[in-house]
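Please keep the sequence and the coordinates at hand while reading.

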Amino acid sequence: MDFNVNSRNQSVHFPLLEDIELVIKREDEIHPDISGNKYRKLKYNLIAAREQGFDTLVTFGGAYSNHIAATAAVGLKFGFKTIGIIRGEELVDKIEGNATLAFAQKCGMQFKFITRSLYREKENDTFLSTLKDELGNYYLIPEGGTNSLAIKGCEEILTKEDKSFDYICTSVGTGGTISGIINSTEPRQKVIGFSSLKGDFLKDEIAKWTTKNNWELNTDFHFGGYAKINNELITFINNFKLATDIPLDPIYTGKMLYGIVDMAKNKVFKKGSKILAIHTGGLQGIAGMNNVLKQKNYLQLI
């Protein structure tokens, strides 16, 4: 399995950024279906699964999960059977109307839809034992893909050329990607994570995977919580794409870039700062989000 890739750095010119240098690491371009941090997180997990003789991958996710889509895609690419444990049993007859689940199914993923209350038991040993009795022998990848092997993969996002940046910025979902990034930074560099979830509980998750303290978690730009967006964010994402030709997803990278621009506008970064923002992919979710936005009479993502 060939996982040796490097992504390019792209300089960005956007209003309100005149006093800083912003560069985006285009992890979204690594692979059309297994892009960004998902490629990094799955790399060593797939190597381990193959070495341990597993032919089936089981993982967890919601209706629009980038991780579910990526796991299905790697299963198809590398010859693994994939099973997704999906949050929300009401989705069982709505696969065709859901771009993420329809794509995963097209890649060969099988689904097990469970209630939200049962989904909360996804790390419970009793529940996992029952799952193994039902599904047989499999390699388990946690929700979002974050485990020690995922951290190892994310430590490869930064290269030696990235040591010149003052700030490294990334969106945060489960804490795995930022932890790997922190582990590979220089002491003088500052890592800023932009949480896509309400609350600061992710600080404890990140602290489990790194011993460094050159980082902070910004919780000001979640727009109401996970998968919550409004017309202001949509307008920003669309304007950013028109100005830079870089698409952003509304769950993670859109909120991160909005935060970076807002911080730059408010002079949080000193003049001349060099900022590297990690584009973690997630673009597959745009189609599904547009369906939701249409139902709510919101603006559409371009």
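Does Lys267 count as buried or exposed? At 57% relative accessibility, Lys267 counts as exposed, where buried means under 20% relative accessible area, exposed means over 50%, and partly exposed covers what lies in between, with a 1.4 Å probe and protein chains only.

## Basis of the values

The model is predicted, so that local features need pLDDT of at least 70 and side-chain atom pairs count only at pLDDT 80 or more, while totals for chains, interfaces and linings use all residues. Residues are numbered from 1 along each chain as its sequence is written, and side-chain values use heavy atoms, with hydrogens and water left out.

## Salt bridges

The structure holds 16 salt bridges, a salt bridge being a side-chain nitrogen of Lys or Arg within 4 Å of a carboxyl oxygen of Asp or Glu. In one of them, the side chains of Asp19 and Lys267 meet with an N to O distance of 2.9 Å. Asp19 lies in the loop between strand 1 (9-12) and strand 2 (21-25), and Lys267 in the loop between helix 10 (253-265) and strand 10 (274-278), so this pair ties together parts that are 248 residues apart in sequence. Helices (H or I, at least four residues) and strands (E, at least two) are DSSP runs, numbered from the N terminus. Asp19 counts as partly exposed, at 32% relative accessibility.

The side chains of Arg87 and Glu143 also form a salt bridge, with 3.5 Å from N to O. Because Arg87 lies in strand 4 (residues 81-87) and Glu143 in the loop between strand 6 (139-140) and helix 6 (148-154), the pair ties together parts that are 56 residues apart in sequence. Arg87 counts as partly exposed at 27% relative accessibility, and Glu143 is partly exposed with a relative accessible area of 28%. Lys208 forms a salt bridge with Glu205, the closest N and O atoms being 3.0 Å apart; Lys208 is exposed at 58%, whereas Glu205 is partly exposed at 29%.

## Asn214 and its surroundings

Asn214 is placed in the loop between helix 8 (202-207) and strand 9 (215-218), and this residue is buried, with a relative accessible area of 8%. The side chain of Asn214 reaches the backbone oxygen of Glu186 at 3.3 Å. Leaving aside its neighbours within four places in sequence, Asn214 is in contact (heavy atoms within 4.5 Å) with Ile182, Thr185, Glu186, Pro187, Gln189, Lys190 and Val191.

Helix 7 (residues 176-183) is mostly covered, as seven of its eight residues are buried.

## Cavity and pocket

A search of the whole structure finds one cavity of 30 Å³ or more. On a 1 Å grid over the protein atoms alone, a cavity is a set of points where a 1.4 Å probe fits but cannot get out, and a pocket is an open set with protein on both sides within 12 Å along at least five of seven lines, while lining residues have an atom within 4 Å of a point. The largest cavity holds about 30 Å³ of space, and its lining consists of Leu158, Thr159, Asp162, Lys163, Ser184, Thr185, Glu186 and Gln189. This lining divides into one nonpolar, four polar and three charged residues.

The second largest pocket holds about 180 Å³ of space and is lined by 14 residues, of which Pro32, Asp33, Ser35, Leu283 and Gln284 lie nearest its centre. Helix 2 (residues 66-78) gives the most to this lining, with three residues.

## Positive phi angles

Most residues other than glycine have a negative phi. Phe223, although not a glycine, has a positive phi of about 55°, and Asn297, likewise not a glycine, has a positive phi of about 60°. Phe223 is found in the loop between strand 9 and helix 9 (231-244) and is buried, with a relative accessible area of 18%. Asn297, by contrast, lies in the segment after helix 11 (285-295) and is exposed, with a relative accessible area of 70%.

Key
A polar contact is a pair of N or O atoms within 3.5 Å; within protein, one must be able to donate a hydrogen and the other to accept it, and residues adjacent in sequence count only if both atoms are side-chain atoms. Grid points are joined across faces, edges and corners, and a volume is the space filled by probe spheres set on the points. Ala, Val, Leu, Ile, Met, Phe, Trp, Tyr, Cys and Pro count as nonpolar, Asp, Glu, Lys and Arg as charged, and the others, Gly among them, as polar.
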